[in-house]
Each structure stands twice: as C-alpha cells, then as structure tokens.
Amino acid sequence: MLTTQQVIIPMKSTLFAIKGNNILCPDGFNKGILLIDGAKIVDFVDQLPVNYEGKIIDAAERIVMPGLIDCHVHINEPGRSHWEGFDTATKAAAAGGITSMVEMPLNATPVTTNRKNFEIKLKAAANKLHVNCGFWGGVVPDNEHELNDLLESGVFGLKAFLTHSGIDDFPNTTASHLRKALLILKKHNKPLLVHCELDEPHHDSHLLEKSPNSYQAYLKSRPKSWENKAVQLMIDLCRETQSAVHLVHISSAEALPLIRAAKLEGLPITAETCPQYLCLFAEMIPDGATQYKCAPPIREKQNNELLWEALKDGTLDFIVTDHSPAPPDIKETSSGNFAKAWGGIAGLQFLLPLIFTAAKERGFTVEQLAKLTSLHVAQFIGMAETKGKLQKGYDADIVCWDQTKSFTVKQDLIHHRHKICPYEGMNLLGVVEQCWVAGELVFDKGNFLHLEQGKILLK
Ligand SMILES: [Zn+2]
C-alpha cells in the first residue's frame with residue numbers, strides 16, 4: 001500500500017495531507033500520509049512530496065478510517081420535519097463520523113412511492129445536506145405500475161413492510177405484492193429491503209392493552225415468532241425470484257440459522273442489525289421508558305449476544321442505526337405508554353462509539369468494525385468503487401477519532417432535532433474528532449466548519 005513516488009502537485013492546489021500512525025488502509029493499519037486533492041484521495045505515501053506546500057493535519061495516534069455509511073435513516077422531511085429534518089440529521093451524522101446515508105421512504109409527506117413524490121423529497125433535501133444522502137423508494141399495495149419509473153429516477157432500491165409501518169400513507173404489503181416488486185427490482189439490479197414482522201394474534205397479545213407502560217408487555221406483544229416467520233417468507237421469495245432481498249434490523253436470534261442457511265444455499269440475501277439490538281437489553285429497560293421503543297423490540301441480553309456472533313461469522317452483513325426520532329408528545333415521554341408511543345429510536349450521532357464500546361468487549365478489532373459500518377454498506381448500496389476504503393481514487397469521506405477517549409452522552413451534545421435518546425447517560429469509548437465529506441472538513445472537535453457539503457446520491 002505504501003508508495004514513495006512523487007506526486008505531481010497541480011498549480012492551483014487543493015491538496016492537503018492527513019498524517020498519522022493509525023491510518024486504516026485496505027491492507028490494515030499503516031503509518032503514513034494520506035494525500036487528498038479536492039474530493040478525492042490521491043495517494044497514500046510514507047513521505048511528503050519534496051515540493052509539498054499544502055496543509056498537514058497530524059492525526060498522531062488517532063484512528064483515520066473511511067467515514068461510516070448508514071443506509072437506514074428516517075429523516076421525515078418534507079411534511080413531518082418537526083420530527084427530524086435533513087439539516088439536523090446530517091449535522092448529527094457528521095458529528096458522529098457518518099459521511100453518507102440512505103434515507104427511508106415512509107416518514108415524509110408525501111411518501112416516496114413514485115417519481116413525482118421522489119422529486120419533492122429531492123427538492124426538500126437540496127442545500128440542507130451536510131453529509132451525502134441517497135434515498136430508498138417504497139413498495140405499497142397499489143404502486144406496482146410506478147416502480148419502474150421510480151427505480152429509473154435514482155432511488156437505491158425499494159423498502160416494504162410486512163406489518164403496519166406506523167405511517168398510514170405507507171401501508172404494508174403481502175407476499176404477492178413483493179413477488180411482483182422483486183421481479184421488477186431484478187431488472188434494475190437493485191435490492192428489496194423488508195421490515196420482517198408478520199403479525200398474527202398470539203397468547204400474549206392482550207398484555208400490552210392491560211399494562212401499556214410495561215416494557216415486558218411491549219416486548220411480548222411483538223414476539224420473535226413474528227420476525228422468524230417473516231424472514232422465512234422473504235427467504236422463500238428470494239429463492240423463487242433469485243432477486244436481491246435485504247432484511248432490515250434483524251433482532252431475533254432465532255432468525256439467524258435461517259439466514260445462515262439461505263446464504264450457504266447461495267441466495268442473494270443480506271441482513272443488517274442496529275446498535276439498539278446490540279448495546280441495549282430488555283432487562284435494563286424500565287417501565288414507562290418509551291425512548292427505548294422500537295420495532296422489532298429490543299430483546300433479551302442472551303438473544304442479543306447471538307447477534308454479535310452473527311456479525312462475526314458474516315450471517316449479519318453490517319450495522320446501521322434505523323435512526324427514527326419523533327417529538328416528545330409522539331414519543332409519549334410524559335405518559336410512558338408503550339402502546340401509543342412512536343416506535344423508533346434516535347441515535348444516528350452515536351453509532352461509532354456505541355459499537356466500538358460494545359464490540360471491543362467482545363473481541364472485535366477496529367478493522368472489523370470499519371467493515372461492518374462502512375465497507376460492507378458501500379458494497380450493499382453498490383458504491384464500493386468509490387466509498388468504504390481509504391485508497392487512491394476513492395472519495396475523501398474520512399473520519400478521525402480517538403479510541404482512548406470516552407464521553408458521557410448528554411443532551412447538550414446531541415444534534416438530532418429532538419434530544420430524546422435511549423443512550424443518554426451512557427459512558428462511551430471513542431470520540432469523533434474530525435469528519436471530512438468529499439475532502440471538506442465538516443466537523444472539527446465539536447464545531448461545524450464547512451456545511452452543506454453533502455451531495456444527493458442517485459443510483
Ligand atoms: Zn427503519
């Protein structure tokens with residue numbers, strides 16, 4: 001990886017250098033100098049070119065690695081921007097070392113289920129992005145005829161639900177809708193992302209109604225069996241159509257053997273999980289603490305430890321946040337009513353320290369974490385030729401962070417629109433110091449510098 005050849009510096013140079021002892025290159029950590037010109041990494045060298053006059057940033061022992069990519073974010077703009085918006089969400093992302101995200105189709109009004117609505121969302125996002133942002137389209141029961149056009153307009157793929165999405169404008173689909181959608185997606189070589197819960201009445205269904213503030217009652221209301229059945233259904237549809245299926249936010253460890261077997265069979269299937277299922281446990285959630293409500297629910301510690309194993313052996317491909325905030329009244333913070341509260345967790349900003357803190361205890365290396373939060377996501381969204389690696393010719397989307405420093409999550413640090421966050425009070429290891437998007441320093445030691453550097457990503 002190290003090269004010593006001379007770099008030809010253009011007359012009017014935007015060249016700068018990041019020097020450090022822990023730069024994560026494709027072959028592992030190296031000591032050296034990353035050279036960046038404009039939006040691109042132009043080289044990695046062991047010595048500065050003799051005629052070099054540009055800026056040098058000394059990262060010293062801090063980790064310099066590819067910016068994180070979060071392909072599961074709900075931003076709510078336009079139409080519900082009092083919940084979350086592009087400005088606040090992408091600031092939180094930059095402060096957390098996330099340099100690109102892909103946004104979900106259901107929480108804005110209108111929902112992203114046709115080209116016209118997608119164009120409205122693009123307009124809403126323009127000039128408000130502090131990190132790069134792409135978009136998923138949506139499959140709903142009545143938009144089959146819109147899907148080709150929507151896919152051609154630049155969405156990365158399509159998202160669907162097998163249970164109520166929480167948004168009435170985005171109804172859930174059945175196997176027959178998804179079979180048709182998969183065949184359309186196959187022609188476009190884009191994936192179908194599925195929220196895997198198939199709801200059916202069960203013997204604990206009444207518990208939440210009786211005790212709406214009880215976390216255990218909420219947990220029992222969305223059992224693992226719902227998720228397992230939905231995962232099995234999607235594996236069957238994947239096998240039948242041979243079209244790419246992605247299982248979002250896997251929380252049930254009982255679904256893991258199914259996914260493992262499907263991958264061994266060679267099916268085009270991928271799966272993700274999220275920090276809330278890895279770093280939080282049902283046993284620690286107090287009654288009435290609706291900031292922990294998400295769907296599927298945060299399960300027991302014993303279950304969640306198996307998700308870590310699945311990340312290690314490749315059954316789960318990557319970690320994304322499923323950032324889905326809501327205002328305090330919608331989150332039922334005063335009533336503590338789990339039955340009524342919005343099911344979504346805000347945590348975009350803390351992805352890296354959350355995962356690092358918990359993964360370190362479980363023997364993961366930083367190299368592994370970078371793959372799970374950047375490279376594998378870049379591969380999944382079809383951007384592995386330009387993102388997910390610090391390598392010559394790649395985009396200069398970079399995070400520099402200190403693995404020896406810790407901090408406590410406090411409300412005044414949070415850049416999300418609302419400060420409700422289940423991670424508040426946690427002491428986390430790993431402090432993001434700097435974040436570059438396309439070679440521009442967006443976040444520097446607590447301050448935002450060059451804003452609006454994010455690009456709209458189209459596929
Ligand atoms: Zn989601």
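A: Start with the lining of the largest cavity: three nonpolar residues, five polar and four charged. Here Ala, Val, Leu, Ile, Met, Phe, Trp, Tyr, Cys and Pro count as nonpolar; Asp, Glu, Lys and Arg count as charged; the others, Gly among them, count as polar. Among the lining residues are Pro-66, Thr-99, Lys-387, Lys-389, Asp-395 and Asp-397. The volume of this cavity is about 60 Å³.

This is a predicted model, in which local features need pLDDT of at least 70 and side-chain atom pairs count only at pLDDT 80 or more, while totals for chains, interfaces and linings use all residues. Residues are numbered from 1 along each chain as its sequence is written, and side-chain values use heavy atoms, with hydrogens and water left out.

What is a cavity, and what is a pocket? Both are found on a 1 Å grid over the protein atoms alone. A cavity is a set of points where a 1.4 Å probe fits but cannot get out. A pocket is an open set with protein on both sides within 12 Å along at least five of seven lines. Lining residues have an atom within 4 Å of a point. Grid points are joined across faces, edges and corners, and a volume is the space filled by probe spheres set on the points.

By this rule there are two cavities of 30 Å³ or more. Lys-331 is one of the lining residues, and so are Pro-325, Ile-345, Ile-420 and Cys-421.

Helices (H or I, at least four residues) and strands (E, at least two) are DSSP runs, numbered from the N terminus.

Most peptide bonds are trans. Pro-296 sits in the loop between helix H9 (275-279) and helix H10 (301-313).

The second largest pocket holds about 360 Å³ of space. Of its 20 lining residues, Asn-189, Pro-191, Gln-379, Phe-380 and Gly-382 lie nearest the centre. Helix H4 (175-188), strand E11 (245-247) and helix H12 (366-380) each contribute two or more residues to the lining. By class, that lining has seven nonpolar, nine polar and four charged residues.

H12 lies across strand E1 (15-25), E2, E4 and E14, running at about 85° to E4. Contact means heavy atoms within 4.5 Å. Axes are lines fitted to C-alpha atoms, for helices over the stretch in contact, and angles run from 0 to 180 degrees between N-to-C directions. Helix H11 (351-361) lies across strands E4 (55-66), E14 (398-408) and E15 (427-437), at about 135° to E15.

What is the order of the strands in the sheet? Eight strands form an open, mixed sheet, in the order E3-E2-E1-E4-E14-E15-E16-E17. Strands E3 (40-45) and E17 (447-448) stand at the edges, each with a single partner strand, so one side of each has no neighbour in the sheet. Two strands pair if DSSP finds at least two bridges between them.

Look at E4. Seven bridges join E1 to E4, and these strands run parallel. E4 is also joined to E14, by four bridges, and that pair runs antiparallel. In E14, Cys-400 is the bridge partner of Val-64. Gly-20 stands opposite Ala-60 in E4. Ala-60 has a phi near 50°, a positive value in a residue other than glycine. Most residues other than glycine have a negative phi.

How far does the predictor trust its model? The chain averages a pLDDT of 96, and 97% of the residues score at least 70. Over residues 1-5, though, the pLDDT is below 50. The pLDDT is the predictor's confidence in each residue, from 0 to 100.
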